[in-house]
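Here is a short briefing to read alongside your model. Take a moment with the sequence and the 3D view, then follow the points below.

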Amino acid sequence: MVTRWMALTLGGANLRRAEERRIGMLSFLAEASDLLAGSLDTERSLALLARLPVPRLARWCAVYLLREDGAVKLAAVGHVDEAEAADLSAWAGDPVGPLAPQVQAALADTVRVATINGSPTVIATMRARRRVLGVVALGRAVGNSFQADEIELLADLARRAAFAVDNARLFRQQVEVASALQAGLLPPELPNIDGIELGSSYRAARAGLEVGGDFFDLVPNPDGGWTIIIGDVCGKGAEAANVTGVVRAVLRLLAGQRNNLPDIMMDLNRALRDAGHPNSAGQGRFCTLAVAELRPPDVLVSAGSDPAAVTQRTISICMAGHPLPIVVRANGTAMFVAEPGTLLGVLDDHDVAFPEVQVALAAGDALILYTDGVVEARRGRELFGDERLLTAVRGCAGMSAQGIADRVRASADRFAGGRLRDDVAVVVARIPK
């Protein structure tokens, strides 16, 4: 009777230990998955993967990535003794060392168990979306072999790590594509224009994640002048890049042929309307736009008896559903200029209007063009708005064009507590004193 009772007690204790072991392994996997999924940086994910199993499951861990040429490259290591990490890197990264052939052979397996220099070693393949990304090799001290459930656990860890690494890789590719597209939709640098000082500031709300809808450009005119373009297209991402590309290409072509801004706007409206295939959300292609034509240096207001008038220049402005520009005078006076126009890409010719207004700028005056991300910067339910913008630019008298552009964006960003929800673009043209 006693013997039977003791057997039942020992059996129950073994079951409890087995259950505790199983729960511990599941907890480790859950924690490791959360940590790996929390990073979208490939190098950080690999470094984290090399340290997670040490010392709980292994004495050392080495993570390898499979390159496109089929070679395997050591990416990260972890060791219970940090002082030995350098030696581990040299040993694990040796292309003719004892671990190299085992790692290469493991690429065709799910998990491989080996003994290397007397050390029990498990090599698990990282495979995600039908693609082998690399392997994870783990080793223990001599005589301390891996049990079957531990091998299964490590294979599961490698599989989960593979998805985390692949997600980080895909995210990096998305960032690179978005950054390249964004850079291609903005001028690489501002041109040098005689008698005009230029400044710009740009911030995409989701910089590096998707292409913003705001853009600007500066286009040379056939008479030697320049046209400043700033706009905001409908949508984000690839659709925004597509529409922006169309707008910039058409505007560059038309502005290089003639100077009649209302006619240019009319032709652009037709181009967007006629090519307006709805996107996946059912929205057509449309955008807002502000265009300012800077007359060439030889078109100056007659000086007469006023020496200051020699530095005056006339700027023609045409609007299409865009926030009105602001002129800041040298004495700090600030006012909205131009007249509202019709949104581009929506209405037929007889329903649109693009009024042209001329503005004279004297020495020290500045023209500020911006997108609606400035005035629609939000703090709770409150918008930055027109009056706050006017207040902000009144203090810009005497500042450089770049200083004004930076001040406008910084004012909106500060109002929103550094959490701008929309893209922001600012372009400033100033007559230097």
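Helix H3 (residues 85-92) lies across E1, E2 and E3, and runs at about 155° to E2. Axes here are lines fitted to C-alpha atoms, for helices over the stretch in contact, with angles from 0 to 180 degrees between N-to-C directions. Helices (H or I, at least four residues) and strands (E, at least two) are DSSP runs, numbered from the N terminus.

This is a predicted model, in which local features need pLDDT of at least 70, side-chain atom pairs count only at pLDDT 80 or more, and totals for chains, interfaces and linings use all residues. Residues are numbered from 1 along each chain as its sequence is written, and side-chain values use heavy atoms, leaving out hydrogens and water.

**The sheet**
- An open sheet is built from five strands in the order E2-E1-E5-E4-E3, with antiparallel pairing (two strands pair if DSSP finds at least two bridges between them).
- At the edges are strand E2 (72-79) and strand E3 (111-116), each pairing on one side only.
- From one strand to the next, the twist averages 20°.
- Helix H2 (residues 42-51) also packs on the sheet, where it touches strand E1 (60-66), E2, E4 and E5; the direction of H2 makes about 50° with that of E2.

**The E4-E5 pair**
- Eight bridges join strand E4 (residues 119-128) to strand E5 (residues 131-139) in the antiparallel sense.
- Opposite isoleucine 123 you will find alanine 137 in E5.

**Histidine 322**
- Look for histidine 322 in the loop between strand E10 (313-320) and strand E11 (326-328).
- Histidine 322 is buried, at 6% relative accessible area (buried means under 20%, exposed over 50%, partly exposed in between, with a 1.4 Å probe and protein chains only).
- Beyond its neighbours within four places in sequence, histidine 322 is in contact (heavy atoms within 4.5 Å) with residues including Ile230, Asp232, Leu289 and Tyr370.
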